[in-house]
Amino acid sequence: MLSAAGSGKGLSKNRVFGQALIIPIWSHDQWFGFIGFDEVHTAKQWTDDDVNLLRAASQALGLYLDRKQTQALLEASEEEFRVAFQHANDGICIVDLAGKITRVNDRMCDLFGYSRAEFASMTVNDLTHASDKDVSSRFIARSIAGEITSDIFEKRHIRKDGQMIWSRISSTLVRDSQGKPLHFISHMQDITLLKETVQALEEGEARYRLLADHAADAIWTMDEHQNYTFVSPAFERLYGYRLEELGRGLPEKLIPADSRKVIMSHEAKRMASIKAGNPDRSPYRIEVEKHTKDGRSLWIESTTTPVFDEYDKYCGIVGVSRDVTDRKRADDALKASEEKMRLLATVDDLTKLPNRRHFLDLAKHELERCLRYPHHFSLILFDVDHFKKVNDIYGHNVGDGVLMAIAAAVLRTLREVDISARFGGEEFVAGLPETGIEEAMQVAERLRAAVEDTQIELDDDQELQVTISLGVVELDDTSPDLDALLKHADLAMYAAKRNGRNRVERHTPGMVLGADE
């Protein structure tokens with residue numbers, strides 16, 4: 001049924017007097033401003049029509065601002081990731097599931113001497129030293145198998161000019177919203193200097209200090225009581241502190257409380273292994289926030305290696321630290337961008353309900369649970385009666401307003417555990433877990449009434465009323481899966497249309513489409 005009528009003839013019982021009529025404009029639940037009428041000559045007696053017209057204008061402006069702000073946030077996030085990716089200090093590459101390199105940043109080109117065009121035809125193993133080719137292949141296989149999600153490993157690479165370099169690779173498997181593997185994102189650091197530094201330690205203190213003084217990374221040592229005993233010039237440049245300014249123990253001015261907890265946790269495990277007589281001699285890597293002398297906060301990646309004397313007594317640690325703040329920002333920007341893309345892929349932009357694809361995924365998961373235990377499950381399919389006439393008579397903007405109003409009615413009527421979606425065009429669907437057919441019919445009737453009672457305000461001081469026709473079906477032997485449920489709910493919905501519209505029909509065996517449907 002389709003009808004339109006004026007929102008009020010004459011004055012209502014609640015009369016509004018005054019020189020100005022003002023209504024706030026809201027965008028993303030925040031006050032944006034006001035819109036109003038102003039009568040400057042005489043006292044004005046405002047009617048319901050005046051109020052409703054102004055309210056409709058306020059809501060339309062709010063919706064427009066919502067969309068513009070969402071679009072601006074997404075574009076800003078994507079631009080932030082692009083800039084962070086291209087200008088990061090580390091080499092960053094995106095690798096597909098077969099190990100093929102699909103995207104690199106400028107730093108990757110600098111590290112290996114290849115252009116982007118050359119990288120496009122290469123795999124990770126094309127860059128890898130012959131002795132280390134199984135490192136990445138093993139990580140890819142374990143990630144796809146679900147054994148791990150991310151890992152940090154070291155291996156040797158061969159540059160375009162034939163030079164060998166060592167790198168530390170931090171790689172993560174990215175999955176879509178359904179958990180399907182998409183690709184790997186790998187951060188690559190040139191640790192050739194670190195490897196040379198470790199070798200220098202073995203060759204003698206003199207060479208160690210020579211490398212430490214000229215290394216770009218901050219090099220430092222601590223004794224067994226966690227007192228700094230040496231810091232390189234790069235350490236002083238990074239943090240602004242000289243050795244004598246650090247004092248005893250872990251300095252609070254350099255290391256905030258949360259970072260201290262991470263460091264102490266690692267140190268406690270190492271000390272426990274030493275006391276147990278089986279000392280952990282392996283290096284460990286941590287990434288924590290630290291503060292500089294001038295008040296800046298930096299994200300620092302440190303690799304620490306335990307030092308033992310000739311009597312196998314623990315003497316402390318030697319550490320190498322570098323500023324990874326840019327990489328951290330790139331990671332955060334990527335995560336934010338991926339979350340926005342996930343929402344765009346699962347939510348209908350107009351109604352903000354789940355879209356068809358997301359509903360099908362959610363419903364399949366729910367049906368698997370219902371069939372396993374078993375539990376009741378019912379499905380409601382409905383669409384707007386005579387929706388084409390709404391678009392033809394009032395325009396698509398009004399049609400969009402109708403769909404948004406129906407989505408709001410759906411959210412008001414259904415439970416949080418129910419699954420609802422815009423299924424396509426003017427068609428909506430709802431899945432009702434733990435709900436039998438009789439209760440589902442009651443829910444459908446409440447939904448029908450809620451839509452019928454909804455008034456959509458038009459620009460010409462009129463209100464538009466629409467109705468819906470609903471088909472209901474329950475999971476059973478005759479409707480044993482999602483395809484059957486959707487098909488039978490569709491048959492019941494068209495039966496409701498045949499029988500007069502604005503009504504609810506349940507599916508019965510033998511129900512078929514009419515000749516004109």
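A: Searching the whole structure turns up 33 salt bridges, a salt bridge being a side-chain nitrogen of Lys or Arg within 4 Å of a carboxyl oxygen of Asp or Glu. This is a predicted model, in which local features need pLDDT of at least 70 and side-chain atom pairs count only at pLDDT 80 or more, while totals for chains, interfaces and linings use all residues. Residues are numbered from 1 along each chain as its sequence is written, and side-chain values use heavy atoms, with hydrogens and water left out.

Q: Which residue forms a salt bridge with arginine 168?
A: The general idea first: side chains of opposite charge can pair when their charged atoms come close. Here the partner of arginine 168 is glutamate 301, with the closest N and O atoms 3.8 Å apart. Glutamate 301 sits in strand 14 (residues 297-308) and arginine 168 in strand 9, so this pair ties together parts 133 residues apart in sequence. Helices (H or I, at least four residues) and strands (E, at least two) are DSSP runs, numbered from the N terminus.

Q: Is glutamate 301 buried or exposed?
A: Buried means under 20% relative accessible area, exposed over 50%, and partly exposed in between (1.4 Å probe, protein chains only). Glutamate 301, at 4%, is buried, and arginine 168, at 6%, counts as buried too. Glutamate 301 also forms a salt bridge with arginine 285, where the closest N and O atoms are 2.6 Å apart. That arginine 285 lies in strand 13 (residues 284-291), 16 residues from glutamate 301. With a relative accessible area of 24%, arginine 285 is partly exposed.

Q: Which residues are linked in a network of salt bridges?
A: The network includes Arg168, Arg285 and Glu301, and among its other members are Asp90, Glu154 and Lys195.

Q: What should I look for in a sheet?
A: Check the strand order and the pairing; two strands pair if DSSP finds at least two bridges between them. In this model, 5 strands form an open sheet with mixed pairing, in the order 17-18-16-21-22. Strand 17 and strand 22 (504-506) are the edges, each pairing on one side only. From one strand to the next, the twist averages 20 degrees.

Q: How many bridges join strand 17 to strand 18?
A: There are 5, and the two strands run antiparallel.

Q: Why is strand 17 described as largely enclosed?
A: Of the 6 residues of strand 17 (residues 419-424), 5 are buried, so the rest of the structure largely encloses this strand.

Q: Which strands does helix 14 lie across?
A: Helix 14 lies across strands 16, 17, 18, 21 and 22, at about 140 degrees to strand 21. Axes are lines fitted to C-alpha atoms, for helices over the stretch in contact, and angles run from 0 to 180 degrees between N-to-C directions.

Q: How do helix 10 and helix 14 pack?
A: Helix 10 (residues 356-372) and helix 14 (residues 482-498) have axes 10 Å apart and an angle of about 115 degrees between them. Leu360, Ala363, Lys364 and Leu367 in helix 10 meet Leu482, Leu485 and Leu486 in helix 14, where contact means heavy atoms within 4.5 Å.
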